[in-house]
Amino acid sequence: MTAILSAENLTVAYDDFLALDTVSIEIAAGESFGLVGESGSGKSTLLRAVAGLAPIAGGRIMLDGKPLDANRRDRDFYRKVQMVFQDPYGSLHPRQTVDRLLQEPLAIHGVKDAERRILRALDEVGLGSSFRFRYSHQLSGGQRQRIAIARALIIEPQIMLLDEPTSALDASVQAEVLNLLEQVRRDRKLTYIMVSHDLGVVTHMCERLAVMKNGKVVERLSSADLVAGRLSEDYTKNLMVASKGFVREGA
Amino acid sequence: MSTMLTVDNLKVTFPTRTGAIEAVRGVSFTLGRERLGIVGESGSGKSQTGRAIMGLTPAHAKITAKTLNFDGIDLLSAPAKARRALRGSRIAMILQDPKYSLNPVMSIGRQIVETLRTHENVGKREARDRAIAMLEAVQIRDAARVFDLHPHEVSGGMGQRAMIAMMLIAGPELLIADEPTSALDVTVQLDVLRILDELVAERGMGLIFISHDLRLVSSFCDRVIVMYAGKIVEELAATDLGNARHPYTQGLLNCMPTLGTSRHPLPVLDRQPEWAL
Ligand SMILES: Nc1ncnc2c1ncn2[C@@H]1O[C@H](COP(=O)(O)OP(=O)(O)OP(=O)(O)O)[C@@H](O)[C@H]1O
Ligand SMILES: Nc1ncnc2c1ncn2[C@@H]1O[C@H](COP(=O)(O)OP(=O)(O)OP(=O)(O)O)[C@@H](O)[C@H]1O
Ligand SMILES: [Mg+2]
Ligand SMILES: [Mg+2]
């Protein structure tokens with residue numbers, strides 16, 4: 001496989017705590033790759049490291065066959081790679097209007113045709129033009145998350161790093177956003193790396209996935225393996241059991 | 001069952017330059033010592049309903065209700081000081097944006113300790129031990145390390161659980177939990193629910209559980225309210241979700257991707273204008 005993006009023995013350290021411990025993954029062009037694993041296992045750190053936002057202590061990241069600088073990313077990088085952060089509250093400036101938030105990446109990358117793109121982006125994430133001049137602090141959690149997705153898609157990147165992109169959305173809006181993500185991936189041959197704690201969502205969106213624990217990749221498998229229960233790690237097995245819902249003891 | 005909270009015809013409206021936004025348009029329900037779930041569409045007014053009960057509605061918004069009563073206290077006419085006192089002790093809310101509701105310049109452990117010490121007269125040592133025990137109870141690994149971290153240094157799910165630990169240590173009578181487990185994987189989600197469940201069963205806490213996860217809510221709560229465009233469109237016993245009548249609720253049940261079913265694209269709702277009337 002020709003990898004568009006790969007990490008080789010990637011290590012991220014905060015003082016003497018290893019948030020990522022020699023992690024290696026390879027993602028093929030056009031693939032949708034899933035990351036699952038317990039809270040605090042390093043999923044967001046891996047995406048942040050690719051985006052140049054985590055202190056890399058070892059190993060390297062390759063994009064299109066070329067190694068990336070440990071902590072600097074240039075404008076061309078962000079033209080190619082966009083990230084949707086886990087936390088829609090932190091990633092959008094609260095005192096900016098939706099219009100401004102969507103204009104900004106277009107202006108940075110000198111993209112023409114802003115008016116049409118903004119209207120289309122809002123429409124795609126199910127927020128009509130009435131949201132265009134709202135401030136982000138005037139939006140609900142799920143509305144912010146959709147603006148964050150629209151903002152990442154608007155400059156038509158090649159790779160999207162998606163950190164729990166639909167976890168703040170109700171199932172009806174989630175379905176629309178997932179359909180949109182699948183459609184643009186097909187139309188524009190995009191590559192996704194997607195973190196989700198919802199196994200239904202990851203297996204729906206991704207062909208292959210990696211399971212993380214304590215900063216390491218502990219299992220790699222296909223969605224088909226997961227669905228069929230062909231798993232080796234206990235953690236993955238627990239995830240499967242727990243995804244059946246809450247069971248009151250003695251009930 | 002004794003009623004602790006009565007909400008009757010609650011409305012929350014935001015005046016903006018381009019006209020009024022009606023976030024909550026006449027919501028009514030009562031709550032006893034039970035688990036009430038609120039599900040609903042993104043932007044349907046779930047958080048604003050919770051915030052109104054807490055007294056955290058932005059100052060410029062207009063809020064009205066026929067009744068908004070907690071344990072005999074009329075919340076709308078209560079002075080700001082009385083509401084603040086309630087918020088600190090008897091009513092607590094886990095906000096949807098946990099990391100941003102924590103103090104960014106104070107370690108997580110210190111925030112939990114301070115919360116505990118405003119409620120109970122405990123020594124430093126004991127406060128620290130209890131804070132760490134609470135972090136462990138919400139399944140935070142390596143709680144002693146996390147105790148000393150600041151909010152920007154923890155993962156999404158860890159921040160959410162730190163916030164839960166802080167609210168639980170205050171021991172409120174009414175807890176409003178706004179998407180408290182949305183960043184947690186299912187295994188941890190269930191542990192957190194078990195803790196909340198115990199508090200309802202053993203301490204008689206009333207719980208309003210706001211979530212977009214219908215599956216979770218129906219397996220955990222006693223009753224579920226379904227909101228759409230600022231209104232309650234349906235109320236159901238949690239076990240009765242399969243008999244939902246409103247097309248929004250029915251649609252919700254049908255558009256979730258599930259393990260082992262392959263549906264591309266996922267079915268979507270055909271939203272009718274009359275749902276929002
Ligand atoms: N700035 C920082 N300083 C210290 N530790 C950090 C910092 N940023 C992240 N960490 C630690 O790195 C670990 C991995 O965090 P990360 O956000 O990658 O987890 P995650 O797998 O995305 O979890 P979640 O599912 O809860 O979002 C956590 O233990 C966290 O405390
Ligand atoms: N400060 C504000 N000014 C104007 N409108 C606002 C403000 N805050 C919230 N709203 C609007 O009020 C409506 C209800 O918001 P609320 O946060 O209660 O939604 P929600 O049901 O919690 O949604 P989500 O599931 O996405 O969090 C939304 O349409 C939102 O855009
Ligand atoms: Mg994360
Ligand atoms: Mg909300």
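In this predicted model, a backbone N or O atom of G43(B) lies 2.7 Å from an oxygen atom of ligand 2. Chain B also reaches the ligand through Q96(B), where an N or O atom in the side chain is 2.9 Å from an oxygen atom of ligand 2. From chain A, a backbone N or O atom of Q138(A) lies 3.1 Å from an oxygen atom of the ligand. Taken alone, ligand 2 exposes 640 Å², and the protein buries 95% of that. Two or more residues of the shell come from each of α6 of chain A, β2 (19-31) of chain B and α1 (46-54) of chain B.

Ligand 2 is surrounded by 20 residues, the closest being R134(A), S140(A), G142(A), Q143(A) and S47(B). Because the surrounding residues come from chains A and B, the site is shared between chains. By class, the shell has 13 polar, 4 nonpolar and 3 charged residues.

The contact between the two chains takes 51 residues from chain A and 50 residues from chain B. The size of an interface is often given as the accessible area lost when the parts come together. Here the area buried between chain A and chain B is about 4,000 Å², with carbon and sulfur atoms giving 56%.

Polar links also join the chains. There are 2 salt bridges between chain A and chain B; in one of them, E38(A) pairs with R141(B), with the closest N and O atoms 2.4 Å apart. Residue pairs in polar contact between these chains number 14, counting pairs with both residues at pLDDT 80 or more. On the side of chain A that touches chain B, the elements giving two or more residues include α6 (141-153) and α7 (171-188). α7(A) gives the most, with 9 residues. That side of chain A divides into 22 polar, 18 nonpolar and 11 charged residues.

Methods: Residues numbered from 1 in each chain as written. Chains lettered and ligands numbered in written order. Predicted model: local features only at pLDDT ≥ 70, side-chain atom pairs only at ≥ 80, totals over all residues. Heavy atoms only, no water. Contact = heavy atoms within 4.5 Å. Buried area = accessible area lost by both parts, 1.4 Å probe. Salt bridge = Lys/Arg side-chain N within 4 Å of Asp/Glu carboxyl O. Polar contact = N/O pair within 3.5 Å; in protein donor to acceptor, adjacent residues only side chain to side chain. Helix = DSSP H or I, 4+ residues; strand = E, 2+ residues; numbered from the N terminus. Nonpolar A, V, L, I, M, F, W, Y, C, P; charged D, E, K, R; others polar. Near = heavy atom within 4 Å. Areas by Shrake-Rupley, 256 points an atom, 1.4 Å probe, with all protein chains shown as cover.
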